[in-house]
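Thanks for coming. I will show one structure today and walk through it in a few steps.

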Amino acid sequence: MKRQIVIAGNWKMHKTNSEAMQLANQVRIKTMDITKTQIVICPPFTALAPVYEVIGDSRIHLGAQNMFWEKEGAFTGEISAGMIKSTGADYVIIGHSERRQYFGESDETVNKKVKAALENGLKPIVCVGETLEEREANITLKVVSRQIRGAFADLSAEQMKKVIVAYEPVWAIGTGKTATPEQAQQVHQEIRQLLTEMFGSEIGEKMVIQYGGSVKPANAESLLSQPDIDGALVGGACLKADSFSDIIHIAEKLQ
Ligand code: PEP
């Protein structure tokens, strides 16, 4: 069964509002011919509403890079799922390794965020992945399984239909090192098997599992051609409209 390819761009902490609007507009123009690939751009919180105006009724979807699980209250500096939804966004990245590494996110907080996102009509893109040390210690599967079980604890198969998983080996993020297509495929297959065990074969078959970690136009085709790789979460290469659009066009040709 072939799943729709989803290419998402994680802009991280880049772009002022005017720069963000300019980049979003370039991506919009360069992807006007796309009819099959799902495109998501994830600017910083501050640029969500202005970027939504720019992408208008194009097929580009908007996502945030993080959220807090509470609805509202005395949580200075935090942003709720409802607030994100009100900007026009319908996706949110949860549990990115940079959040786990620098901001103390755990499998438990990821789980709370996933639940709150779904309750508010946001589709979570949930990131999992091992560090270099963990890969070298041969515990990649153990780590990724723990992250998946933790992130999706107490969720139903129905809820899982709205979820995307992004496998992002930490050692490949922003380093220029990419997992080989075979290394990535192996982990994707294991993740799909685990999701099948947890939520049944329909979820296992339909779940979009993206790869992330130094995806570029030069390596996108070999990664996206793997049977269990259904898209990419792109960091560095999404900050230039040309390279992001090239990746999207490579995905489009594969469908
Ligand atoms: C990311 O931030 O999720 C990512 C994969 O970054 P990069 O493409 O720069 O490695």
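**A threonine and its neighbours**

Leaving aside residues up to four places away in sequence, T37 touches Q4, I5, I7, R59, I248, A251, E252 and Q255; contact here means heavy atoms within 4.5 Å. This is a predicted model, in which local features need pLDDT of at least 70 and side-chain atom pairs count only at pLDDT 80 or more, while totals for chains, interfaces and linings use all residues. Residues are numbered from 1 along each chain as its sequence is written, and side-chain values use heavy atoms, with hydrogens and water left out.

Where is T37 placed? T37 sits in the loop between α1 (17-30) and β2 (38-42). Helices (H or I, at least four residues) and strands (E, at least two) are DSSP runs, numbered from the N terminus. Is T37 buried or exposed? T37 is buried, at a relative accessible area of 0%. For these classes, buried is under 20% relative accessible area, exposed is over 50%, and partly exposed is in between, with a 1.4 Å probe and protein chains only.

**The chain as a whole**

The protein chain has 12 helices and eight strands. Its radius of gyration is 17 Å, close to the 18 Å that the globule rule gives for 255 residues, so the chain is as compact as a globular protein of that length. That radius is taken over C-alpha atoms, and the rule is 2.2 Å times the number of residues to the power 0.38. Of the 255 residues, 54% are buried. Taking contacts between residues at least 6 apart in sequence, 73% join residues at least 24 apart.

**The ligand**

How many residues surround the ligand? There are 14, and the closest are K12, E168, G174, S214 and G236; a residue counts as near if one of its heavy atoms lies within 4 Å. By class, this shell has four nonpolar, eight polar and two charged residues. Ala, Val, Leu, Ile, Met, Phe, Trp, Tyr, Cys and Pro count as nonpolar, Asp, Glu, Lys and Arg as charged, and the others, Gly among them, as polar.

An N or O atom in the side chain of K12 is 2.7 Å from an oxygen atom of the ligand. From G236, a backbone N or O atom lies 2.8 Å from a ligand oxygen. For N10, a polar side-chain atom is 3.3 Å from an oxygen atom of the ligand. The ligand taken alone exposes 290 Å², and the protein buries 95% of that; areas come from the Shrake-Rupley method with a 1.4 Å probe, and for residues only the protein chains shown count as cover.

**Two positive phi values**

Most residues other than glycine have a negative phi. K12, in the loop between β1 (6-10) and α1, has a positive phi near 50 degrees. D154 is not a glycine either, and its phi is positive, about 70 degrees. D154 lies in the loop between α7 (140-151) and α8 and is exposed, at 68% relative accessibility.

How values were computed
Polar contact = N/O pair within 3.5 Å; in protein donor to acceptor, adjacent residues only side chain to side chain.
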